[in-house]
Amino acid sequence: MSKSLFEKVWDAHAVKTLSNGQTQLLIGTHLIHEVTSPQAFGMLRDLNLKVAYPHRTFATVDHIVPTDTRLEPFADPLADAMIRELRTNCEETGVTFFDLPSGKQGIVHVVGPEQGITQPGTTIACGDSHTSTHGAFGAIALGIGTTQIRDLLATQTMALAKLKVRRINVTGKLRPGVYAKDVILHIIRQLGVKGGTGYAYEYAGEVFDEFSMEERMTVCNMSIEGGARVGYVNPDEKTFEYLKGRPYSPTGDAWDEAVENWKAFASDPDCAFDDEVDFDASTIAPTVTWGINPEQAISIVENVPTVEGTAEKDKPLIAEALEYMKLPAGAPIKGVKVNVCFIGSCTNGRLSDFEEAAKYLKGHKVAEGVKAIAVPGSQVVDVICREKGLHTIFEEAGFEWRGAGCSMCLAMNPDKLIGDQLSASSSNRNFKGRQGSPTGRTVLMSPVMVAAAAVKGEIADAREVFGVNELVEA
Amino acid sequence: MALEKITEVKGRGVYVAGNEIDTDRIIPARFMKCVTFAGLGEYLFYDVRKNEDGSDKEHPLNDERFAKATILLSGENFGCGSSREHAPQALYRYGFRGLIAESYAEIFFGNCTTLGIPCFCATKEDIQVITAAIEADPSIEVTLDVANERILFGDQSLTAVVRDSARTALCEGKWDMIGELREVEDKVAEVAAALPYMAK
């Protein structure tokens with residue numbers, strides 16, 4: 001019988017049916033970071049249990065690391081305690097830790113793929129909702145809570161109910177100036193922030209065939225923002241090419257065997273899905289959020305919605321969002337002043353994100369009064385950007401070039417908004433207070449759109465600012 | 001390790017209005033700078049409950065009438081966003097033992113169940129009816145009958161939904177799966193052995 005990738009990977013990792021009806025699923029790759037793992041190690045100690053498969057857990061430090069200095073002890077004693085705790089836990093249990101001095105530290109969802117740990121046909125879990133990123137390689141990858149981290153450390157398995165699969169086809173070609181970030185913001189806008197609850201999203205169609213691995217990661221990353229715990233793309237030659245030669249990728253004969261094995265996990269051409277949705281790539285424009293969740297998004301040429309113009313049931317949330325965001329209801333979002341511009345995060349903190357933004361930023365200057373920061377997703381990304389001279393382009397434009405970490409995406413480190421500052425951000429969440437100030441405002445967009453906002457000092461259409469060769473729609 | 005069978009949760013209720021209440025709202029990220037969950041309760045809903053100077057804002061959890069509430073009611077997609085277990089931990093440590101909402105985000109729902117917090121799904125209308133009863137008399141006892149998927153309050157009752165796997169887990173005292181997961185080490189090793197990437 002034909003099967004989807006999801007079913008094949010699930011079946012290969014299912015251990016047994018549990019008494020509550022869920023499946024005990026082997027999670028082959030467990031990724032951990034400093035925020036959600038210390039309590040799990042504590043629980044393990046309380047239960048007097050050992051880490052069952054230490055060679056299949058990999059750690060890094062990302063959320064709390066300052067991006068302007070690597071001086072230890074960190075100025076924040078709580079952050080310092082967290083990195084020390086993770087070091088101790090990894091040392092005591094034999095878990096590999098991509099620590100600050102390793103040259104491999106970075107955001108967990110950037111590090112896994114670039115080290116070749118993220119592989120097709122595998123199961124991956126991490127105490128972080130953006131674990132869906134790794135699905136770009138044809139893995140089932142999902143975010144979990146701390147108690148499940150404990151379960152994984154102790155048994156390498158967890159209890160999980162099987163998800164349904166929705167195939168999302170994006171056909172045709174994207175227009176110039178439209179990026180992977182716009183595709184996922186558009187999908188979430190259309191299907192809603194809870195549209196994916198209970199589903200894994202399989203992304204397919206010409207757009208995904210043509211996307212690079214990094215673009216696929218951007219889309220899969222934000223699956224959870226659409227309510228889908230898992231998002232994936234079937235593995236293909238691009239996947240294998242990306243993985244070849246990475247530190248944890250198989251080598252020699254094992255490589256050829258692995259590729260054959262990986263290919264077999266792809267969804268069968270005639271397999272059935274629980275649901276299917278089609279999008280026409282040509283209708284997608286550069287997209288930005290205007291509200292307080294990622295579904296509240298509009299194209300750059302649209303106006304901010306009004307309460308009056310919204311369906312009755314949505315009115316309270318629209319009103320709440322408009323009040324919080326202090327944006328002009330019914331007026332264009334283009335032209336709204338920005339205070340902070342942030343390029344980085346597990347969504348858009350990879351090499352191609354900085355390359356693409358630098359391509360347009362070159363020769364431009366950040367507008368006066370705007371604080372702009374570029375934060376590579378990992379130390380590896382940082383080094384490559386420096387080798388290519390990209391950091392100079394950013395610095396000459398007036399961006400600060402920082403060290404690797406989550407930075408302003410969630411502000412568990414010194415990078416935070418102040419007061420009701422408005423941030424043009426390449427990150428993934430525009431929740432109230434997300435970027436560190438209880439009244440701070442976030443507008444999500446692609447890295448090139450952030451660069452355009454930085455140059456103009458306001459939310460702008462990058463196609464106009466940078467003269468992208470495309471007639472801007474009327 | 002025998003777990004409590006959670007067939008029923010009783011207590012006073014409080015309604016926190018809103019849809020899409022995310023886990024950053026439930027527990028802002030800056031309070032996650034900790035290596036234990038102890039003490040998280042005091043930061044529950046911090047930024048919507050407190051002004052920057054630490055004084056109280058208007059919020060149901062700051063309302064004396066609902067001070068003893070142990071059952072929280074809310075809207076759609078409660079607990080969306082970050083997978084942080086800090087959110088259900090903060091709810092639990094604040095004193096909440098059961099939730100009623102229109103719907104929940106996936107990861108949050110799983111995290112709650114693992115802590116033994118039943119998550120009831122009810123319609124918007126039914127939640128309004130319960131809320132009206134609580135507003136009229138905050139001391140009214142709300143009973144979450146997990147086994148029968150019923151919510152009882154005063155002399156009224158209504159039918160709600162607790163997802164099958166969660167209901168079974170709670171009622172049979174199998175909401176924390178570590179014991180059962182540990183029972184089949186050999187079987188796990190067998191599945192792992194068939195997967196080349198699991199090799200040392």
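Helix α16 (residues 447-456) of chain A is largely enclosed by the rest of the structure, because 10 of its 10 residues are buried; a buried residue has 20 or more other C-beta atoms within 10 Å of its own, an exposed one 12 or fewer, and a partly exposed one falls in between, with C-beta atoms placed from the backbone. This is a predicted model, in which local features need pLDDT of at least 70, side-chain atom pairs count only at pLDDT 80 or more, and totals for chains, interfaces and linings use all residues. Residues are numbered from 1 along each chain as its sequence is written, and chains are lettered from A and ligands numbered from 1 in the order in which they are written. Helices (H or I, at least four residues) and strands (E, at least two) are DSSP runs, numbered from the N terminus.

**Helix α16 of chain A**

- The buried residues of α16(A) include A:Pro447, A:Met449 and A:Lys456.

**Domains of chain A**

- Chain A consists of domain 1 (5-275) and domain 2 (289-461), with bounds that come from an automatic or database domain assignment.
- The centres of domain 1 of chain A and domain 2 of chain A, taken over C-alpha atoms, are 24 Å apart.
- In the contact between them, 36 residues come from domain 1 of chain A and 35 residues from domain 2 of chain A; two residues are in contact if their C-beta atoms, placed from the backbone, lie within 7 Å.
- On the side of domain 1 of chain A that touches domain 2 of chain A, at least two residues each come from α4 (108-114), α6 (180-191) and α8 (213-221) of chain A.
- α6(A) gives the most to that side, with five residues.
- That side of domain 1 of chain A has 14 nonpolar, 12 polar and 10 charged residues, where Ala, Val, Leu, Ile, Met, Phe, Trp, Tyr, Cys and Pro count as nonpolar, Asp, Glu, Lys and Arg as charged, and the others, Gly among them, as polar.

**Strands of chain A**

- Strand β10 (residues 199-204) of chain A runs parallel to β11(A), joined to β11(A) by four bridges; strands pair if DSSP finds at least two bridges between them.
- A:Tyr203 has A:Val233 of β11(A) as its bridge partner.
- Strand β11 (residues 230-233) of chain A is covered on both faces, with A:Val230 and A:Tyr232 buried on one side and A:Gly231 and A:Val233 buried on the other.

**Sheet of chain B**

- Seven strands of chain B form an open sheet with mixed pairing, in the order β4-β3-β2-β1-β5-β6-β7.
- β4 (119-121) and β7 (156-159) of chain B stand at the edges with a single partner strand each, so one side of each has no neighbour in the sheet.
- From one strand to the next, the twist averages 30°; axes are lines fitted to C-alpha atoms, for helices over the stretch in contact, and angles run from 0 to 180 degrees between N-to-C directions.
- Three bridges pair strand β3 (residues 98-101) of chain B with β4(B) in the parallel sense, and B:Leu99 stands opposite B:Cys119 in β4(B).

**Backbone details in loops**

- The peptide bond between A:Glu72 and A:Pro73 is cis, with omega about -5°, and A:Pro73 lies in the loop between β4 (57-60) and α3 (77-93) of chain A.
- A:Ser407 is not a glycine but has a positive phi of about 50°; A:Ser407 lies in the loop between β17 (400-401) and β18 (422-425) of chain A.
- A:Ser407 counts as buried because it has 33 C-beta neighbours inside 10 Å.
- B:Glu20 has a positive phi near 55° and lies in the loop between β1 (8-15) and α1 (23-26) of chain B.
- B:Glu20 is buried, with 27 other C-beta atoms within 10 Å.
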